[in-house]
Amino acid sequence: MRIAIVTETFLPSTDGIVTRLCASIKWLRNHGHEVIVIAPDLGIEDFYGAKIFGIPARPFFLYKSKNLSLPSRKVKQCLITFQPDIVHVVNPALLGAAGIYYSKRLKLPLVASYHTNIPQYLDYYRIPYLKPILWKYLNILHNRADLNLCTSQTVKIELDQRKFHNVKVWNRGVDLERFNPKHFDHNMRMHLTNGSPERKLLLFVGRLAAEKNIESIRSVLESSPDYCLALVGDGPFRSTLENHFKDTNTVFCGFMHGEELSKAYASSDVFVFPSITETLGLVLMEAMAAGLPVVAAKSGPTCEQIEHGETGVLYNPDQPNGLLNAVLSLNNMAFSSKISIQTGSYVKSFSWTGPSEQIYQLYREVIEHKKGLR
């Protein structure tokens, strides 16, 4: 099969979208399929034998540390040259709009996937009045696809209610070798705790952005000097957070990749996830695979991944001291150990093989359905 992926973000960027795409591309390439990626030009030309066609990119005004590409006729040229059996447009907004437009013009089977709740983010950037317009725009884009995918049942329900057509859930996964307790590293723990490894180390991994609600973690640090925090990632809210966490036991680590990220997870004590704007939150699965008890704000997607008191601790983000009390509950070592053990058993069935096989079968179904309509 010849597969063209058009995406708004790809390597060397790091987020859940890129993680999922990389896992899928590896599986597809290992099974003999041809793949190209059309993405913003960030200097990467090849991934695992999949050629990357870079489209000129520029900083986005709401997120100046992230380069995005505008719609381009180069997308059409790439598709004509490659002659794909199917096109998968990931998180269509700007470059993806070109992917959808030219796929329809060329009469190619088309899959679109929804990964980021951009309309909800507008509340945090003080432009909520644009939400109806954005939802209408996204609806128009996605309803040109033969199949729409999303990453959780919660999001599927919302997209169905907003009249997105033919929506299915693309299952979640995690790299069980990369994220594993065996990657504990004393030197990494020394780094993350700023030389105080005896403290209880809270970890957050993700984009440093307003919608992540990271500032709420300060309540835990203020409750006791025994806690410290490591923030792994970067983003437009970093300077605000650096000011917010001034004079606390907090280390800003910037982006981490590969072995370094594996060690960061395995060398921490508790993973903290205060965001309620995620469409899934793959970092939860990564933390679980690394053996960490997870504390997460209660939302639809977190409830799909965490059973409260069994595989993690959920808290009400609207409740005063909800996050603090959830973290403090893990001071009960028997409770914390039970969660870590049950979490380890739970994630064993979530390798990336299943979601990768699923996406391949969905591609086949779309191609066959398209043939039947001709």
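Where in the structure is the place of Glu-286? The points below take up this residue and several others in what is a predicted model.

1. Glu-286 has its place in helix 11, which spans residues 282–289. The residue is buried and yet has no salt bridge, since the nearest side chain of opposite charge, that of Arg-178, is 7.4 Å away, whereas a salt bridge is counted within 4 Å. Once its neighbours within four places in sequence are left aside, Glu-286 is in contact with Thr-19, Val-174, Phe-179 and Tyr-265.

2. Thr-302 belongs to helix 12, made up of residues 300–305, and it counts as buried because its relative accessibility is 1%, where buried means under 20%. Not counting residues up to four places away in sequence, Thr-302 touches Phe-273, Leu-284, Ala-296, Ala-297 and Leu-314. Its side chain also reaches the backbone nitrogen of Ser-299, at 2.8 Å. As for Pro-317, this residue and Thr-302 are 15 residues apart in sequence, and the distance between them in space is 12 Å, taken from C-alpha to C-alpha.

3. On the surface, a nonpolar patch is formed by Tyr-129, Leu-130 and Ile-133, which together have about 330 Å² of accessible area. Of these residues, Tyr-129 is placed in the loop between helix 4 (118–121) and helix 5 (131–142), and it counts as exposed because its relative accessibility is 59%.

4. The backbone calls for a remark at Pro-12, where the peptide bond that leads from Leu-11 is cis, with omega near 5 degrees. Pro-12 lies in the loop that runs between strand 1 (2–7) and helix 1 (16–30).

5. Gln-83 has a phi near 55 degrees, which is a positive value in a residue other than glycine. This residue is found in the loop between helix 2 (74–82) and strand 7 (86–90), and with a relative accessibility of 52% it counts as exposed, given that exposed means over 50%.

6. A positive phi is also found at Lys-107, again a residue other than glycine, with a value near 60 degrees. Lys-107 lies in the loop between helix 3 (95–105) and strand 8 (110–114), and because its relative accessible area is 61%, the residue is exposed.

Definitions and conventions. Residues are numbered from 1 along each chain as its sequence is written. This is a predicted model: local features need pLDDT of at least 70, side-chain atom pairs count only at pLDDT 80 or more; totals for chains, interfaces and linings use all residues. Side-chain values use heavy atoms; hydrogens and water are left out. Patches are made of residues with over 30% relative accessible area and no salt bridge: like charges are joined within 9 Å, nonpolar side chains (Val, Leu, Ile, Met, Phe, Trp, Tyr) within 5 Å. Accessible areas come from the Shrake-Rupley method with a 1.4 Å probe; for residues, only the protein chains shown count as cover. Helices (H or I, at least four residues) and strands (E, at least two) are DSSP runs, numbered from the N terminus. Buried means under 20% relative accessible area, exposed over 50%, partly exposed in between (1.4 Å probe, protein chains only). Contact means heavy atoms within 4.5 Å. A polar contact is a pair of N or O atoms within 3.5 Å; within protein, one must be able to donate a hydrogen and the other to accept it, and residues adjacent in sequence count only if both atoms are side-chain atoms. Lys and Arg count as positive and Asp and Glu as negative; His and the chain ends are not counted.
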